[in-house]
Amino acid sequence: MDTLETLDLWIAGTGGHHTFRISAPEVIASGAVRAFGEGRRAGSGDTGQIDLLLRRSDDGGRTWGPSRVIVTRPDMTCGNPAPVLDRQT
């Protein structure tokens with residue numbers, strides 16, 4: 001039986017972000033796992049500059065590439081990730 005391992009994809013206070021919230025993982029057609037999340041810069045509140053982040057794993061979630069900011073706007077909230085995978089196109 002496999003044991004379940006946990007891994008923190010984002011750690012508060014790193015990468016210029018105070019808090020990380022609202023993680024949204026998905027498995028894409030290639031089998032890679034992508035995890036989207038919010039990087040809250042100034043605090044844990046729901047407003048202010050919040051960046052949309054992405055990390056990717058090509059081995060089923062055992063290891064992860066670096067965190068990337070994929071959407072950011074000064075003093076604006078870019079959040080609530082909700083990935084949608086279109087397996088047709």
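Predicted model: local features only at pLDDT ≥ 70, side-chain atom pairs only at ≥ 80, totals over all residues.
The protein has four strands and zero helices. Going along the sequence, the pattern reads β-β-β-β. Strand β1 covers 19-27, β2 covers 33-40 and β3 covers 50-57, and β4 runs over 68-71. Taken along the principal axes, the C-alpha atoms fill a box of roughly 45 × 35 × 20 Å.

What about the surface? The protein exposes about 6,200 Å², and carbon and sulfur atoms supply 51% of that area. Out of 89 residues, 30% count as buried. As for charge, there are 10 positive and 11 negative charges, and the mean positions of the two sets sit 4 Å apart.

Turning to the inside, nonpolar side chains tend to be buried together in soluble globular proteins. Here, the largest nonpolar core is made up of seven residues, namely L9, W10, F20, V33, A35, L53 and W64. Two of these core members, W10 and F20, also turn up in the ring count, which comes to one aromatic pair. The ring centres of W10 and F20 are 6.2 Å apart and the planes are at 15°, so the pair is stacked; the cut-off for stacking is under 30 degrees. W10 belongs to the segment before β1, while F20 is in strand β1 itself, so the pair ties together parts that are ten residues apart in sequence. Both W10 and F20 are buried.

Which residues does W10 contact, leaving aside neighbours within four places in sequence? The list runs F20, S23, A35, F36, G37, L53, L54, R55 and S67.

S44 sits in the loop between β2 and β3, and S44 and F20 are 24 residues apart in sequence but 7.9 Å apart in space, C-alpha to C-alpha. Once residues up to four places away in sequence are set aside, S44 touches H18, T19 and R21. Is S44 buried, exposed or something in between? With 45% relative accessibility, S44 counts as partly exposed, because that class lies between the 20% and 50% cut-offs.

The loop between β2 and β3 holds T47 as well. T47 is exposed, with a relative accessible area of 67%. How far apart in space are T47 and D58, C-alpha to C-alpha? The answer is 33 Å, for two residues that are eleven apart in sequence. G60, in the loop between β3 and β4, makes a contrasting case: G60 and G31 are 29 residues apart in sequence and 7.4 Å apart in space, again C-alpha to C-alpha. At 56% relative accessibility, G60 counts as exposed.

Last comes the backbone. Most residues other than glycine have a negative phi. Against that background, two residues deserve a mention. I22 is not a glycine, yet I22 has a positive phi of about 55°. The place of I22 is in strand β1, and at 31% relative accessibility I22 counts as partly exposed. D75 is not a glycine either, and D75 has a positive phi of about 60°. Where does D75 lie? D75 is found in the segment after β4. With a relative accessible area of 68%, D75 is exposed.

Definitions and conventions:
Residues numbered from 1 in each chain as written. Heavy atoms only, no water. Phe/Tyr/Trp six-rings, centres within 6.5 Å; stacked < 30°, edge-to-face > 60°. Helix = DSSP H or I, 4+ residues; strand = E, 2+ residues; numbered from the N terminus. Buried < 20%, exposed > 50% of the residue type's maximum accessible area, 1.4 Å probe, protein only. Areas by Shrake-Rupley, 256 points an atom, 1.4 Å probe, with all protein chains shown as cover. Lys, Arg positive; Asp, Glu negative; His and termini not counted. Charge placed at Lys NZ, Arg CZ, Asp CG, Glu CD. Core = buried A, V, L, I, M, F, W, Y, C linked by side-chain atoms within 4.5 Å. Contact = heavy atoms within 4.5 Å.
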